[in-house]
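Please look at the sequence and the structure first, and then read on.

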Amino acid sequence: MSTQPVFDIGVLCRYDCPGPRYTSYPTAPQFREDFGEEQLRRWAWRSNIQISPRPISLYVHVPYCFSPCFYCGCNRTISRDPARGEHYVERLLQELRLVAPLFDTRREVMQLHLGGGTPNFLSPTQLSRLLAALADGFRLSGVAERDFSIELDPRHRGAHEYIGEAYLMMNDLAKAEAHLAALEKICLIPCEEYDDLKKAIGEYRRKAAK
Ligand code: SF4
């Protein structure tokens, strides 16, 4: 297998421009004491009643990392306690239940970013619950041009599982299998991430064969 990185020229051209540093979003100067629930409701309502309401962008912050990187300037807490992830997901779901109904369900979510911290601090089950709740509360776009992304710490096995599953969603079986092969090397088999990606590839193959 080639070890050369593969660059997608379309993606490079698309992002070859200055952009905001999104690791804390909204950025710190945009947090204001005088913007509370009432203002949020009013702005959401106003955005719904535009003649052509804009698509929705969502950012979900997962503020935990397993270990520190010394160059890091992100808003994160170092922890190895999975219970913190569980507690945090509960809070996120609660926030979702409050915020999602403020937005017109005809508006599609075209941009979704899971950042942190390290979103793969959450277990696959916790992440699935979070994504299911997002899909339940909002109308997630299915078009190819949507921008759905997740920050992953590549030092952890979950990164290979998630990236492999993302490649399956993009119908790139070969790349998904490359991540399965990577997991086979780094997992002490059996491991949950290897099993889950293998199962997803099996299901993909079964559907493709029909
Ligand atoms: S994984 Fe990212 S957020 Fe976490 S410490 Fe390293 S650079 Fe910071």
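Read from the N terminus, the elements of the chain follow the order α-α-β-β-β-α-β-α-β-β-α-α-α. That amounts to seven helices and six strands. The model is a predicted one. Its C-alpha trace spans about 55 × 40 × 35 Å along the principal axes. Of the 210 residues in the chain, 16% are buried. Among contacts with a separation of 6 or more, 75% are between residues 24 or more positions apart.

**Domains**

The domain assignment of the chain gives domain 1, residues 53-153, and domain 2, residues 155-210. Taken over C-alpha atoms, the centres of domain 1 and domain 2 are separated by 21 Å. Six residues from domain 1 and nine residues from domain 2 take part in the contact. On the side of domain 1 that touches domain 2 there are four nonpolar residues, one polar residue and one charged residue.

In soluble globular proteins, nonpolar side chains tend to be buried together. The largest nonpolar core here has twelve residues: Val-62, Tyr-64, Cys-65, Tyr-88, Leu-114, Phe-121, Leu-122, Leu-127, Leu-130, Ile-150, Ala-159 and Tyr-162. Strand S2 (64-65), helix H4 (124-137) and helix H5 (157-169) each give two or more residues to this core. One of the core residues is Tyr-162. Leaving aside neighbours within four places in sequence, Tyr-162 is in contact with Asn-120, Ile-150 and Leu-152.

Is helix H2 buried or in the open? None of its twelve residues is buried, so H2 lies largely in the open. The length of H2 (residues 37-48) can also be checked: at 1.5 Å a residue, its twelve residues should span 16 Å, and the end C-alpha atoms are 17 Å apart, which agrees.

Glu-37 is found in H2. This residue counts as exposed because it has 8 C-beta neighbours inside 10 Å. Tyr-59, in strand S1 (residues 56-62), has 13 such neighbours inside 10 Å and therefore counts as partly exposed.

| Pair | Separation in sequence | C-alpha to C-alpha distance |
|---|---|---|
| Glu-37 and Val-99 | 62 residues | 9.9 Å |
| Tyr-59 and Phe-148 | 89 residues | 10.0 Å |

**Around the ligand**

Which residues are around the ligand? They are Cys-65, Pro-68, Cys-69, Cys-72, Cys-74, Arg-76, Gly-116, Gly-117, Thr-118 and Asp-153. By class, this shell divides into five nonpolar, three polar and two charged residues. Cys-65 is around the ligand and is also listed in the largest nonpolar core.

**Backbone details**

Most residues other than glycine have a negative phi, and most peptide bonds are trans. Gly-117 lies in the loop between strand S4 (108-116) and H4, and both glycines are among the residues around the ligand.

Asn-171 is found in the loop between H5 and helix H6 (173-186). With 9 C-beta neighbours inside 10 Å, Asn-171 counts as exposed.

Methods. Residues are numbered from 1 along each chain as its sequence is written. This is a predicted model: local features need pLDDT of at least 70, side-chain atom pairs count only at pLDDT 80 or more; totals for chains, interfaces and linings use all residues. A residue is near a molecule or strand if its C-beta atom, placed from the backbone, lies within 6 Å of it. Ala, Val, Leu, Ile, Met, Phe, Trp, Tyr, Cys and Pro count as nonpolar, Asp, Glu, Lys and Arg as charged, and the others, Gly among them, as polar. Domain bounds come from an automatic or database domain assignment. Two residues are in contact if their C-beta atoms, placed from the backbone, lie within 7 Å. Helices (H or I, at least four residues) and strands (E, at least two) are DSSP runs, numbered from the N terminus. The expected span of a helix is 1.5 Å times one less than its number of residues. A residue is buried if 20 or more other C-beta atoms lie within 10 Å of its own, exposed if 12 or fewer, and partly exposed in between; C-beta atoms are placed from the backbone. A nonpolar core is a set of buried Ala, Val, Leu, Ile, Met, Phe, Trp, Tyr and Cys residues joined through C-beta atoms within 7 Å.
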